[in-house]
Amino acid sequence: IGVVVRVGAVVEVLRGGRLWRLIATSLIVWMVQLVIYQSGADAFGLDSRLAETMLAGAAGSFAFVLPINGVANVGPAQAAWAATINLFGHPWDQAIAAGLAINLIILCVNGLVSGLLWVAGGATAARGRETESASPPAGE
């Protein structure tokens, strides 16, 4: 039943005209990921061309859908990224180091942003409770 509901939600998005917003957001995310991967490759001295990095990022994303993952989401995606970069003649050790470092940086940034949002959300919820307790009960 859950799958049917999800498929129905996808169909609704496609029919509702919101597909273009979804595509635009996806393109922005892909561009940001490309910059992250290219920066990581540059930081580890891989000197990869943009097309190589883009193909490696796509390979990592396709590997991400495999039903196996490691701890902290490390595993197939980084191996696929490194293997693809290696196919273009870049050293394996640098490629795997860059792939792992990129994942670690993304994980740390996600953790930091999530923590900040959690703190901000907690403060907002506390202010909301203060406002509710200061208001007189309904009907008075």
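**A nonpolar core and a nonpolar patch**

The largest nonpolar core has 10 residues, namely Tyr-37, Ala-41, Leu-46, Ala-56, Trp-81, Ala-82, Ile-85, Ala-95, Ala-98 and Ile-102. Two or more of these residues come from each of H2, helix H4 (76-87) and helix H5 (92-134). A core here is a set of buried Ala, Val, Leu, Ile, Met, Phe, Trp, Tyr and Cys residues joined through side-chain atoms within 4.5 Å. The model is predicted, so to speak of local features takes a pLDDT of at least 70 and side-chain atom pairs count only at 80 or more, while totals for chains, interfaces and linings use all residues. Residues are numbered from 1 along each chain as its sequence is written, and side-chain values use heavy atoms, with hydrogens and water left out.

Ala-82 touches Trp-92, Ala-95 and Ile-96, leaving aside residues up to four places away in sequence (contact means heavy atoms within 4.5 Å).

Now for H2, which covers residues 19-43. Its buried residues (under 20% relative accessible area, 1.4 Å probe, protein chains only) are Leu-34, Tyr-37, Gln-38, Gly-40 and Ala-41. Just after H2, Gly-45 takes a positive phi of about 70°.

H2 also gives seven residues, the largest share, to the nonpolar patch. Trp-20, Ile-23, Leu-27, Ile-28, Met-31, Val-32, Ile-36 and Ile-106 make up this surface patch of about 770 Å².

Key
Patches are made of residues with over 30% relative accessible area and no salt bridge: like charges are joined within 9 Å, nonpolar side chains (Val, Leu, Ile, Met, Phe, Trp, Tyr) within 5 Å. Accessible areas come from the Shrake-Rupley method with a 1.4 Å probe; for residues, only the protein chains shown count as cover. A salt bridge is a side-chain nitrogen of Lys or Arg within 4 Å of a carboxyl oxygen of Asp or Glu. Helices (H or I, at least four residues) and strands (E, at least two) are DSSP runs, numbered from the N terminus. Buried means under 20% relative accessible area, exposed over 50%, partly exposed in between (1.4 Å probe, protein chains only).
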